[in-house]
Amino acid sequence: MTGAKRVAILGGGPAGLAAAQAALAAGADVTLLDEGGRLGGQYWRHHEQLTDRRLQHGWARFERLRGVLDRAEVHTGASVWSVEASDGLVRLQAVVGPADATARAALDIEADAVVVATGAHDLALPVPGWTLPGVTTAGAAQALAKRDGVTVGRRTVVSGAGPFLLPVAQSLAVAGSEVVGVHEASRIGALAAGWLPRPWQLAGKAGELVEYVGALARHGIPYRIGSGVVRVLGTDRVEGVVIAALDAEWRPIPGTEREVACDAVALGHGFTPRLEVAIALGCTIEGDRRGRFVVVDEAQRTSVAGVYAAGEITGIGGADAALAEGAVAGFAAAGGARDDARISGPLAVRRRMRAFAARLERAHGIRPGWTSWLADDTVVCRCENVTRRAIADRADAPLRAMKLATRAGLGPCQGRTCGRAVEAIVAEAGGAPEGFDRRPVLAPVRLGEVAALGRGSAVIDTEPARRDDAETTVAAVEAQQ
Amino acid sequence: MIRITVDAESIEGRDGQTIAGVLIGAGRTAWRTAQTGDRGVFCGIGVCHDCLVTVNGVEGVRACQREAVDGDRVEREVRA
């Protein structure tokens with residue numbers, strides 16, 4: 001295959017798989033890496049024996065995409081800890097093996113182009129009591145139901161915003177939990193503004209939503225808009241929640257609170273793009289506190305030569321958007337021509353789905369009033385147990401000083417879980433939160449493993465903090481930003 | 001079926017489940033001691049590090065990401 005372009009793809013979800021298929025079709029040598037044990041990403045998370053097939057959507061598409069990968073080099077269980085793009089060459093370093101194991105195999109990859117398709121994770125806003133066992137993100141409920149066939153509780157309340165809550169409720173019901181209710185924070189005005197105009201842009205998405213609501217009805221699960229969990233009750237674990245009606249800005253409406261007994265809560269107020277790799281590569285990121293994404297052109301090219309991005313890191317649009325963008329990115333990364341007939345379909349879908357992403361934000365985007373369901377002593381940073389009051393008190397300090405003083409965002413998750421909430425609290429208290437998504441460490445790898453490779457200093461500019469154990473995970477190390 | 005020990009208690013899981021899946025399947029929801037109380041799974045996809053356990057003597061393993069292997073020894077982690 002001399003002369004073929006070498007394309008590396010980071011992420012084996014819908015965007016990455018579509019990129020691999022398109023790059024192969026355009027004649028490239030493809031290497032695909034994913035940190036999970038199986039391909040499919042969060043959307044097609046599965047286990048051959050454990051997953052209930054009723055919970056898989058578009059599975060035939062996944063099998064087709066996976067089917068062409070015998071012509072590619074595929075590494076699952078690969079944690080990429082260093083990325084570089086310069087002089088027309090992309091260099092990636094990873095360790096491959098069981099999650100968080102010691103002495104995983106080193107993997108170095110050189111390519112002519114890279115497609116970054118690292119996806120997103122749940123954005124769960126803090127709620128008083130949310131550190132109690134039994135509270136998970138909606139994505140965790142989905143992953144545990146689909147991948148492991150288990151549910152955290154027997155009576156689950158689902159709360160947050162966005163269409164994702166509906167398949168989560170369905171998964172919980174199929175996997176064996178009663179779903180007491182699904183609470184969508186947005187009210188009818190926002191939902192109508194996002195979902196009703198220009199129905200041709202939705203291309204079946206509204207129909208999917210109606211189908212899901214119908215499925216919930218068949219399971220006897222109430223779907224309540226303009227409401228949400230505003231407090232979790234319990235001492236050692238979840239015993240119930242307080243549900244309140246929310247106004248258009250997501251402020252709880254006084255007098256509407258009611259207690260509901262349950263033993264599990266699934267929270268999902270949106271998604272946070274996983275930008276670490278794109279930021280490390282130097283890609284331009286734009287946006288505001290409502291969401292920051294990798295900037296791409298019509299061919300999914302980022303601001304850095306040879307670096308393409310696709311899927312949720314360019315805007316939260318769901319699997320159909322990710323599939324189209326991935327195909328465009330993979331084809332372009334492989335040197336395929338923009339006017340090639342094989343890519344005209346994905347290009348058209350890509351344009352329509354970018355409009356869909358904007359509509360999702362309009363219908364379900366986080367509104368600033370949510371902070372009024374917090375108490376002063378509510379833990380916001382789960383890793384370091386930092387309260388809302390502690391963050392608000394330091395809001396006028398530069399972000400780095402606030403983080404060092406409070407430790408918010410300096411724990412093992414490096415602010416991935418609390419970043420959006422901390423930014424909102426700082427902004428509300430009059431501060432200027434910037435750059436919470438910059439992290440020196442791309443993926444949790446062990447210092448010992450990197451040291452054994454003999455070139456750890458380039459990426460790990462962090463110092464061990466609390467544990468002096470050199471085998472602790474790098475992500476568990478204090479971030480010096 | 002597989003069998004793993006959790007803080008010296010033996011529990012059964014299904015082949016292929018993650019350690020978190022085995023623990024939850026056995027009725028446990030929390031297995032790490034943090035300052036504000038016990039923690040278990042929160043994000044479920046390897047981001048939040050709430051579910052860390054020690055596996056066969058190796059600290060800091062995300063229970064939601066690691067597939068359980070028959071005979072694994074899982075121990076609680078305590079962070080003051």
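What follows is a set of questions and answers on a predicted model.

Student: How are helix 5 of chain A and helix 9 of chain A oriented to each other, roughly parallel or roughly antiparallel?

Tutor: The axes of helix 5 (residues 188–195) and helix 9 (residues 344–364) of chain A come within 7 Å and cross at roughly 170°. Angles over 145 degrees count as roughly antiparallel. The two helices of chain A are therefore roughly antiparallel.

Student: Which classes of residue make the contact of helix 5 of chain A with helix 9 of chain A?

Tutor: Helix 5 of chain A contributes A190(A), L191(A), A193(A), G194(A) and W195(A), while helix 9 of chain A contributes R359(A), L360(A), R362(A), A363(A) and H364(A). Sorted by class, this contact has six nonpolar, two polar and two charged residues.

Student: In the open sheet with the order 4-3-8 in chain B, which are the edge strands?

Tutor: The sheet has three strands with mixed pairing, and strand 3 (residues 32–34) of chain B runs parallel to strand 8 of chain B, joined to strand 8 by two bridges. An edge strand pairs on one side only, which in chain B applies to strand 4 (37–39) and strand 8 (77–78).

Student: Which residue of strand 8 of chain B is the bridge partner of R32(B)?

Tutor: Strand 3 of chain B, residues 32–34, is joined to strand 8 of chain B by two bridges. Across to strand 8 of chain B, the bridge partner of R32(B) is E77(B).

Student: Which element gives the most to the side of chain A that touches chain B?

Tutor: In this interface, 40 residues of chain A are in contact with 33 residues of chain B. Strand 8 (120–122), strand 9 (135–137) and helix 3 (138–148) of chain A each give two or more residues to that side of chain A. With six residues, the element that gives the most is helix 3 of chain A.

Notes: Residues are numbered from 1 along each chain as its sequence is written. Chains are lettered from A and ligands numbered from 1 in the order in which they are written. This is a predicted model: local features need pLDDT of at least 70, side-chain atom pairs count only at pLDDT 80 or more; totals for chains, interfaces and linings use all residues. Axes are lines fitted to C-alpha atoms, for helices over the stretch in contact, and angles run from 0 to 180 degrees between N-to-C directions. Helices (H or I, at least four residues) and strands (E, at least two) are DSSP runs, numbered from the N terminus. Angles under 35 degrees count as roughly parallel, over 145 as roughly antiparallel, 65 to 115 as roughly perpendicular and the rest as oblique. Two residues are in contact if their C-beta atoms, placed from the backbone, lie within 7 Å. Ala, Val, Leu, Ile, Met, Phe, Trp, Tyr, Cys and Pro count as nonpolar, Asp, Glu, Lys and Arg as charged, and the others, Gly among them, as polar. Two strands pair if DSSP finds at least two bridges between them.
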